Every structure is written in structure tokens, then in C-alpha cells.
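This briefing covers the chain shown below.

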Amino acid sequence: MEQCQTPLTKRGYERHERILEAAGEVFAEQGYAGASINEIVRRSGGSLGTVYKFFGNKLGLFEAYFQKTTCTLFSQFHADEFWTDNLQDSLTKFGREMQALMFQPNALLIYRLVLNDNSGDQADVQRIFLENGPQKITRVLSNYLRNQSKKHDFQIEDYDLAAYQFIEMIKGPMYFKALFGHSVCQQEREQALAQATRIFLKGIMPC
């Protein structure tokens, strides 16, 4: 990615945020490949020079937008009060909040955007998505499990893999239903979450 500058003034910061907001709209509507920097500039009221100064290029703009989005969405999981020593309660709370995020229309839209991208930046777009989405949230749960292992004799060989497996279980086949445009009711989510938590805990706790 090209070198970009961080805004140092309040006015610069506000301009920076308007560009990101406009970029989110355009990426959602047109996909990454079809997104026009000129259209983002038009909507944000800035200039091409400002976009390139702050973000370097379109890929840098997409990365900044996606980083900001996931940091906002995942911020609750970094709060000390979110996690407790009660494994079942913490996993259930985490799972319920993750389901709420995963099934949001905007989240599904971003996933489709990445899957359907056929631009020359495809590999980087996928990398940005993986690093700032699935991998980031997997590390959050992995760190919690690793910290709890000091108090429990977990049967876990790979904490990152265990966290990934739990997240996949709470998604279940419902996620594909949602991606294909079908509605998923709260009862389905709760059933999947309860069963996933029960199976997961049974699998990691000592016999």
C-alpha cells in the first residue's frame, strides 16, 4: 500500500471520516471492483488529492474503511466487563452478540462483496477481510480461552482453531440461508447457540 497521512487537525479528521462514510456507501452499492473514487469524492465533498493523501489508493481506502468498521463492531468484546470466569455464560454472551453481528444485512453484504470481487486487487481484498474480520474476532475468543486455561485443564491443542470451531458452530447452516436471502428467526439462532455451547464445553473440559 502507498504511504498515506493521518489527519492531524479536527477539520482534517472530519474530512477523513466523511470520505470513509461515503466509501462505505459506494462499496456496498457497487462492490470493490466497480467502486469509483470519483463517486466517493462527489459524495464526501472532498477532492481526489485528499483521498490519495489520506489513503494512498482505492485499496488503502477499502482497508481503512473495513478496519474502522470491524473495530467499531468488535469493540464490545474488548471490554473487561464483557468476559467472566463463567465459561458457559461468557460463551453464550459472545455467541449471541456474534450472531447479531453476522446476520446484519450490512455484514452479509460485505461478505458477498468480498466473495464476488474479481478486481486486480482480489487477493488483497480477501486478505484485508480475513485479517480484520474472521481472524481478528477469532483471536479475541482464543485469548479468552487461553486465559481461562490457567484455571481449567482444557483439552485444547490449538486455541485459535478451537475458537474458530465454536464460531462456525454458532453460524451453522443458518448463515448460508441468510446469504441466500432467507430469513433466520431468533429461535433458530438460540437453538444453534445453546447446542454449540453445550457441545463445545463438553469437548474441551477434562473427562
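Predicted model: local features only at pLDDT ≥ 70, side-chain atom pairs only at ≥ 80, totals over all residues.

**Packing of α5 with α9**

- The crossing of these two helices, α5 and α9, is right-handed.
- On the α5 side, the residues that meet α9 are L91, F94, G95, M98, Q99 and M102.
- On the α9 side, the residues that meet α5 are F166, I167, I170 and K171.
- Sorted by class, the contact of α5 with α9 comprises seven nonpolar, two polar and one charged residues.

**Packing of α2 with α3**

- Helix α2 covers residues 37-44 and helix α3 covers residues 48-55.
- Their axes lie 9 Å apart and form an angle of about 105°.
- An angle from 65 to 115 degrees counts as roughly perpendicular, and α2 and α3 are therefore roughly perpendicular to each other.
- From α2, the contact takes I37, N38 and V41; from α3, it takes L48, V51 and Y52.
- In the contact of α2 with α3, five residues are nonpolar, one is polar and none is charged.

**Nonpolar cores**

- The largest nonpolar core consists of 36 residues.
- Within this core, the residues with the most contacts are F77, F94, M98, I137, L141 and F166.
- At least two residues of the core come from each of α5 (87-102), α8 (134-148), α9 (159-171), α10 (174-179) and α11 (186-204).
- Another core, apart from the largest one, has 26 residues, and L61, F66, V114 and I128 are among them.
- Once its neighbours within four places in sequence are left aside, I137 is in contact with F74, F77, F94, M98 and I167.
- Of these partners of I137, F94 and M98 also belong to the α5 residues that meet α9, and I167 is one of the α9 residues that meet α5.

**Chain as a whole**

- Read along the sequence, the pattern is α-α-α-α-α-α-α-α-α-α-α.
- The C-alpha trace spans about 60 × 40 × 25 Å along its principal axes.
- The chain has 207 residues, and buried residues make up 44% of them.
- Taking contacts between residues at least 6 apart in sequence, 69% join residues at least 24 apart.

**Single residues**

- R18 lies in helix α1, which covers residues 10-34.
- The relative accessible area of R18 is 40%, so this residue is partly exposed.
- Between R18 and I40 there are 22 residues of sequence separation, and their C-alpha atoms are 9.5 Å apart in space.
- Q191 lies in helix α11.
- Exposed means over 50% relative accessible area, so Q191 counts as exposed at 56%.
- Q191 and Q88 are 103 residues apart in sequence, with a C-alpha to C-alpha distance of 15 Å.

Conventions: Residues numbered from 1 in each chain as written. Heavy atoms only, no water. Axes fitted to C-alpha atoms, helices over the stretch in contact; angles between N-to-C directions. Helix = DSSP H or I, 4+ residues; strand = E, 2+ residues; numbered from the N terminus. Parallel < 35°, antiparallel > 145°, perpendicular 65-115°, else oblique. Contact = heavy atoms within 4.5 Å. Nonpolar A, V, L, I, M, F, W, Y, C, P; charged D, E, K, R; others polar. Core = buried A, V, L, I, M, F, W, Y, C linked by side-chain atoms within 4.5 Å. Buried < 20%, exposed > 50% of the residue type's maximum accessible area, 1.4 Å probe, protein only. Left-handed = near helix turned anticlockwise from the far one by under 90°.
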